[in-house]
Amino acid sequence: MNQFSSFEREKVLKKMSEDTLDLLVIGGGITGAGIALDAQVRGLNTGLIEMQDFAAGTSSRSTKLVHGGLRYLKQLEVKLVAEVGKERAIVYENAPHVTTPEWMLLPLIKGGTFGRFSTSLGLKVYDFLAGVKRSERRQMLNKTNVLKKEPLIREDRLKGGGIYVEYRTDDARLTLEVLKEAVNRGAVATNYAKAEGFIYVSGKVVGVKVKDILSGKMYEVYAKKIVNAAGPWVDTLREQDGSKQGKYLHLTKGVHLVVDQSRFPLKQAVYFDTEKDGRMVFAIPRDGKTYVGTTDTFYNDDLVHPRMTEKDRDYIIKAVNFMFPTVKLTAEDIESSWTGLRPLIHEEGKSASEISRKDEIFLSESGLISIAGGKLTGYRKMAERIVDFVAKELGNNQRCTTDRITLSGGDVGGSAKFQKFVNRKTKEGMKLGLTEKEAKRVVNLYGGNIDKIYSLLRSNEAESKEHQLPALLLAQLQYGMAEEMVVTPTDFFNRRTGAIFFNIDWVSEWKEAVVAYMAKTCHWSGEEKERYKVDLDTELYYARNPLNEKDSQTKIG
């Protein structure tokens, strides 16, 4: 069976409950996915459970950058910058279809927090720490050249700027490709499986009571070691274990707004400081849209559906209109948005922006291992630290090799040959009836797995007409259900395609047909069909109408 198919979920859970695993990971975000891959590669029999969909929490709600943390130099986080800076190139090489270099413009503004000398020096140190290759090292620009790169930047206070390379990613798909690679190598993983409690023998944790959210069935999954990588829910599980002592999580909230390029025709990614408090904000062009973020505020509310406040929204709009005054952005221009939570380690007296992004491992007396903090970029090193500890405890002396492992979909001849791969596969797609834009989009989305999409495309013409779905959409949906554990329409439109954020009108156009196809294929009851339809409509509503007035007094910081 394909163990990453939505049709095999219950079999996967049953299999997990029949064996004693070497390692069970709780949490299907990028951290948990990275741990599962590293452990499985080292020969540890590994399982992973996620109570929502994979990457449904923080790992699909980031700024979607594998970035080196330039701003952490300000906080003298030299070791963190050096580590995550080097990791960018590894992630890119292992999965060039979900990671791409993005030149980032850093404008220098009169009265801003960055001066020319400090910026030049900072970027030079950054290049050195991050081991940036010569072709991607920073350049300093005069005012004229900054405006050539991005004419929308305010001219009246512009002094010049710097340009350096970051890496843009699809955070949810990166998480999926890591997990798929882990499963390809023998790991077992399932979504919608919640850790309801721990099983102990003589005070030591030996298993987890797991509830299948879809069926309501309970399973007992036993493992020699259990890792809590549940992101914002890490402390919830530590409380269940009775081991939430000492350091604890401090959640901060980050908000991003998406605007059509017709209203915000940004040519060049820009990283700029705000007028109000000097915080740094990204504005990034992607797929015909421009997205801007992020805020950094303390958060203590609904973890599943974090919402922005009017102040959050207006903070970003004001920042855009300060740096790009001709845009004149308004709340009505926002097409969609997302709000994510960062599970950081509490530091007394520090604002949300000042709290370190370093990860930390907690070991409880019961043997539960928890990890929190960290950044998307550093997921592989976080996994290495956890698996080093687990492997040593289990007498496994194999070292981490994930820096050299091509992820699912990454088999495209390496980053240097990826563009040729895209061009070749785009032409193949056009021969199958796709437009050049459609073909290029799906090749970039699926990378080396594109042949599976094309194979489905060749064979589903009759089915496409029967279900009144475009053949390409149907092929993507079929692939998602069969090989990416798409369980609900929201899984497909959000984490598998990113369309809820970057093509929301397309989602609205095809949601009914997708729900109908999945209902028929999965034999949903009328009640199940209605529930999943309501879930998708709710997700669309949150994307289009993000405000939550309940905590509108939250201070931006």
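A residue is called buried when its relative accessible area is under 20%, exposed when that area is over 50%, and partly exposed in between (1.4 Å probe, protein chains only). The views below come from a predicted model, in which local features need pLDDT of at least 70, side-chain atom pairs count only at pLDDT 80 or more, and totals for chains, interfaces and linings use all residues. Residues are numbered from 1 along each chain as its sequence is written, and side-chain values use heavy atoms, with hydrogens and water left out.

**View A. Valine 221 sits in strand β10 (residues 218–228).** Helices (H or I, at least four residues) and strands (E, at least two) are DSSP runs, numbered from the N terminus. Valine 221 has a relative accessible area of 0%, so it counts as buried. Which residues is valine 221 in contact with, leaving aside neighbours within four places in sequence? They are Met16, Ser17, Leu21, Leu24, Val206, Gly207, Val208 and Val210, where contact means heavy atoms within 4.5 Å. Look for leucine 21 here: it is 200 residues from valine 221 in sequence, yet their C-alpha atoms are 8.1 Å apart in space.

**View B. Glutamine 3 is found in the segment before α1 (9–18).** With a relative accessible area of 15%, glutamine 3 is buried. Its side chain makes a polar contact with the side chain of lysine 15, at 3.2 Å. (A polar contact is a pair of N or O atoms within 3.5 Å; within protein, one must be able to donate a hydrogen and the other to accept it, and residues adjacent in sequence count only if both atoms are side-chain atoms.) Not counting residues up to four places away in sequence, glutamine 3 also touches other residues, including Val183, Ala189 and Met485.

**View C. Tyrosine 271 and phenylalanine 282 form one of the aromatic pairs, and a search of the whole structure finds 16 of these.** The ring centres of tyrosine 271 and phenylalanine 282 are 4.2 Å apart and their planes are at 10°, so this pair is stacked. (Rings of Phe, Tyr and Trp, the last by its six-membered ring, pair if their centres lie within 6.5 Å; planes under 30 degrees apart count as stacked, over 60 as edge-to-face and the rest as tilted.) Tyrosine 271 belongs to strand β12 (residues 269–273) and phenylalanine 282 to strand β13 (residues 280–286), 11 residues apart. Both residues are buried.

**View D. Tryptophan 338 and phenylalanine 501 make a tilted aromatic pair.** Here the distance is 4.9 Å centre to centre, with 45° between the planes. Lysine 64 lies over the face of tryptophan 338, at 4.7 Å from the ring centre. (A charge sits over a ring if NZ of Lys or CZ of Arg is within 6 Å of the ring centre and within 35 degrees of the ring normal.)

**View E. Tryptophan 506 is among the residues that touch the most other members of the largest nonpolar core, which has 46 residues.** A nonpolar core is a set of buried Ala, Val, Leu, Ile, Met, Phe, Trp, Tyr and Cys residues joined through side-chain atoms within 4.5 Å. Helix α17 (residues 504–522) gives the most to this core, with 10 residues. Not counting residues up to four places away in sequence, tryptophan 506 touches Leu473, Phe492, Phe493 and Ala499.
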